[in-house]
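The sequence and the structure come first, and the description follows.

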Amino acid sequence: MGNRLAGKVCVITGAGSGIGREAAILFAQEGGKVVVADVNTAGGEETVRLIRHGGGEAIFVRTDVTKAAEVEALVRTAEETYGKLDVMFNNAGIFPDEDGSVVDTPEEVWDRVMAVNLKGVFLGCKYAIPAMLRAGGGSIINTASFVALMGAAVPQIAYTASKGGVLAMTREIAIEFARKNIRANALCPGPVDTPLLRSILSDPAKRQRRLVHIPMGRFAQAREVAQAALFLASDESSYVTATAFLVDGGITAAYITPEE
Ligand code: NAD
């Protein structure tokens, strides 16, 4: 057990799987008290079980991040259970297969992606910030993506637009609250090997179409993104705010990548 988050109360949305689960486990190993939030009860409860098995402290609060009342209750539960809120990791996100080109993505899919990926982050900040002000400060980490910065010929138009929105919104929040001891950063991962990318990772042609653009020649592991979130959550990043914090294996800086 480390102490990089000793005593800090951390809410993580989408912590029932992938990056969120890895972050929840890592934050707890570093002394954080973790409030695991997810719409998927089985996944969220499993994350709590894994944390407690490792001697860490966590509770699960079933939360749909698209519902204001549920996000408000999530923050209230964190404060009531652990006394305050220090870290809000707005990580929940979806990536539906039906999200494609602007000319054929159904309106319903656009609305659903925006509700989870963009409004969900808005609601997380809306209710976390007053709690952080009560606590004397805090760190907000909003998950965007490298696609907030780059276009792709294999489009997911709603997903990309939602992540661009997360990036812009996070920057403005960071500036507004910069003198209130609240930091806000947009975490921008490259492609990560999690269930979210299942349909791409399981298809060799789709995998290869992406791998050729990654200088490191591999996808990220969820743990590698969680490590970046840990840095942004901890006081080690005390002068880091309003960033597009890239964890992308060099994708956004590359023109031609190594052949082998
Ligand atoms: P994942 O699918 O493994 O986990 C996402 C979790 O969010 C799931 O447990 C799911 O139940 C939960 N969730 C979905 N809708 C929700 C809602 N309405 N309320 C609460 N929880 C909800 O995905 P992941 O890869 O770990 O993704 C985490 C974040 O990272 C997402 O925001 C995603 O867009 C982003 N991201 C992922 C990648 C990647 O390649 N995997 C790359 C860049 C950014």
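A residue is called buried when its relative accessible area is under 20%, exposed when it is over 50%, and partly exposed in between, with a 1.4 Å probe and protein chains only. The structure is a predicted model, in which local features need pLDDT of at least 70 and side-chain atom pairs count only at pLDDT 80 or more, while totals for chains, interfaces and linings use all residues. Residues are numbered from 1 along each chain as its sequence is written, and side-chain values use heavy atoms, with hydrogens and water left out.

**Two residues with positive phi**

Most residues other than glycine have a negative phi. Ala 242 has a phi near 65°, a positive value in a residue that is not glycine. Ala 242 sits in the loop between α8 (222-233) and β7 (244-247); here helices (H or I, at least four residues) and strands (E, at least two) are DSSP runs, numbered from the N terminus. With a relative accessible area of 25%, Ala 242 is partly exposed.

Asn 181 also has a positive phi, near 65°. Asn 181 belongs to the loop between α5 and β6 (182-189), and its relative accessible area of 53% makes Asn 181 exposed.

**Salt bridges**

Side chains of opposite charge can pair when their charged atoms come close. A salt bridge is counted when a side-chain nitrogen of Lys or Arg lies within 4 Å of a carboxyl oxygen of Asp or Glu. A search of the whole structure finds 10 salt bridges.

| Arg 62 | Glu 70 | 3.8 Å |

In the pair of Arg 62 and Glu 70, Arg 62 is partly exposed at 43% relative accessibility, and Glu 70 is partly exposed at 27%.

Arg 134 has 57% relative accessibility and counts as exposed.

Elsewhere, salt bridges that share partners join Glu 98, Glu 108 and Arg 112 into one network.

**A buried arginine without a salt bridge**

Which side chain of opposite charge is nearest to Arg 210? Asp 203 is the nearest, at 7.7 Å, and Arg 210 is buried yet has no salt bridge; in this count Lys and Arg are positive, Asp and Glu are negative, and His and the chain ends are not counted. Arg 210 is part of helix α7 (residues 204-211). A polar atom of the Arg 210 side chain lies 2.9 Å from the backbone oxygen of Lys 206. Leaving aside neighbours within four places in sequence, Arg 210 is in contact (heavy atoms within 4.5 Å) with Val 154, Gln 156, Ile 200 and Phe 219.

**Surroundings of the ligand**

The ligand is surrounded by 29 residues, and the closest are Ser 17, Asp 38, Tyr 159, Val 192 and Thr 194; a residue belongs to these surroundings if one of its heavy atoms lies within 4 Å of the ligand. Helices α1 (18-29) and α5 (157-176) each supply at least two residues of this shell.

A polar side-chain atom of Ser 17 is 2.6 Å from an oxygen atom of the ligand. A backbone N or O atom of Ile 19 lies 2.8 Å from a ligand oxygen atom, and a backbone N or O atom of Val 39 lies 3.4 Å from a ligand nitrogen atom. Taken alone, the ligand exposes 830 Å², of which the protein buries 92%; accessible areas come from the Shrake-Rupley method with a 1.4 Å probe.

**Two further buried residues**

Leu 167, in helix α5, is buried, with a relative accessible area of 10%. Not counting residues up to four places away in sequence, Leu 167 touches Ala 144, Ala 148, Leu 149, Ala 186, Cys 188 and Ala 244.

Asn 91 is found in the loop between β4 (87-90) and α4 and is buried, with a relative accessible area of 10%. With residues up to four places away in sequence not counted, Asn 91 touches Thr 13, Gly 14, Ile 19, Gly 20 and Thr 143.

How values were computed
Polar contact = N/O pair within 3.5 Å; in protein donor to acceptor, adjacent residues only side chain to side chain.
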